[in-house]
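Welcome, and thanks for taking a look at this one with me. Here are a few notes to read alongside the model.

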Amino acid sequence: MKRARRFKRVATKRPILSNPPRDDDDDSPLSQPDSSPIPQTPPGNMTILPYTFFQIDALDLAPRLLGKFLRRDDVVLQITEVEAYRPNDSACHGRFGITPRTAPVFGPGGHAYVYLCYGLHSMLNVVADKEGVGAAVLIRACSPISGLETIQQRRGQKTSKPVLLTGPGKIGQALGLSTEWSNHSLYTPGGLEILDGPKPENILIGPRVGINYALPEHVNALWRFAIAGTPWISAPKNTLRPPSS
């Protein structure tokens with residue numbers, strides 16, 4: 001497998017201030033059904049990604065997750081946007097050390113870390129790297145592949161436009177997740193799984209969203225990744241651009 005492109009990392013001191021990321025997108029239900037093109041369906045023989053896929057730095061894992069599929073029961077979503085959170089990162093929950101809430105972040109790569117943002121939004125993260133490292137990738141946006149009616153019911157929106165799944169809290173809601181899913185194995189059949197999918201032809205990068213509490217070098221770090229050319233990307237979109245060659 002071709003090695004994913006590596007991006008510049010930033011080391012820093014351990015922070016003092018903290019504040020959880022937000023689900024910034026508008027989440028108001030739409031009054032009438034509407035539609036938007038649904039991406040192509042995945043191949044019938046989708047393969048669950050192995051344990052080893054996740055045993056890498058979060059900054060490498062994040063772009064590799066683009067185009068992969070999340071599956072729970074009849075719902076299949078394709079990952080279109082992610083953010084990397086790393087050790088010594090003033091925006092990462094792991095900066096607090098191991099607590100009852102953050103313990104899953106320090107588990108082995110390939111497990112879920114689900115936390116509540118402001119007591120409302122269940123935010124799905126994919127734990128990265130080896131056990132004890134404390135790193136994860138936040139799933140910010142997806143496109144619907146199957147189970148649209150279930151997604152709409154869970155979201156309370158009779159729409160197939162990108163507003164349905166563009167925001168991390170919307171992903172957790174569409175998959176029916178709660179914090180009880182934290183530490184769930186994503187490479188074991190059953191429950192919530194991550195399946196192999198096509199590598200995007202082009203990607204966009206930019207600074208992460210809702211982390212103004214972090215140190216400037218981390219606020220400005222280009223650790224947000226999205227598939228280029230898809231409408232299934234959360235706001236703000238104007239901070240995303242192609243990687244420099």
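**Notes on a cavity, a strand and a histidine**

1. There is one cavity of 30 Å³ or more; a cavity here is a set of points, on a 1 Å grid over the protein atoms alone, where a 1.4 Å probe fits but cannot get out. Please keep in mind that this is a predicted model, where local features need pLDDT of at least 70, side-chain atom pairs count only at pLDDT 80 or more, and totals for chains, interfaces and linings use all residues. Residues are numbered from 1 along each chain as its sequence is written, and side-chain values use heavy atoms, with hydrogens and water left out.

2. The largest cavity has a volume of about 90 Å³, taken as the space filled by probe spheres set on the points. Its lining has 12 residues (each with an atom within 4 Å of a point), and Tyr85, Cys92, His93, Tyr113 and Asn125 are nearest the centre. β3 (112-117) and β5 (136-146) are the elements that give two or more residues to this lining; strands are DSSP runs of E, at least two residues long.

3. Which strands pair with β5? Strand β2 (residues 75-85) does so in the antiparallel sense over nine bridges, and strand β4 (residues 121-127) runs antiparallel to β5, joined by three bridges; pairing requires at least two bridges found by DSSP. Val137 in β5 stands opposite Ala84 and also opposite Val126.

4. Finally, His218 is buried, with a relative accessible area of 0%.

Definitions and conventions. Buried < 20%, exposed > 50% of the residue type's maximum accessible area, 1.4 Å probe, protein only. 1 Å grid on protein atoms, 1.4 Å probe; cavity = no way out; pocket = protein on both sides within 12 Å on 5 of 7 lines; lining within 4 Å. Helix = DSSP H or I, 4+ residues; strand = E, 2+ residues; numbered from the N terminus.
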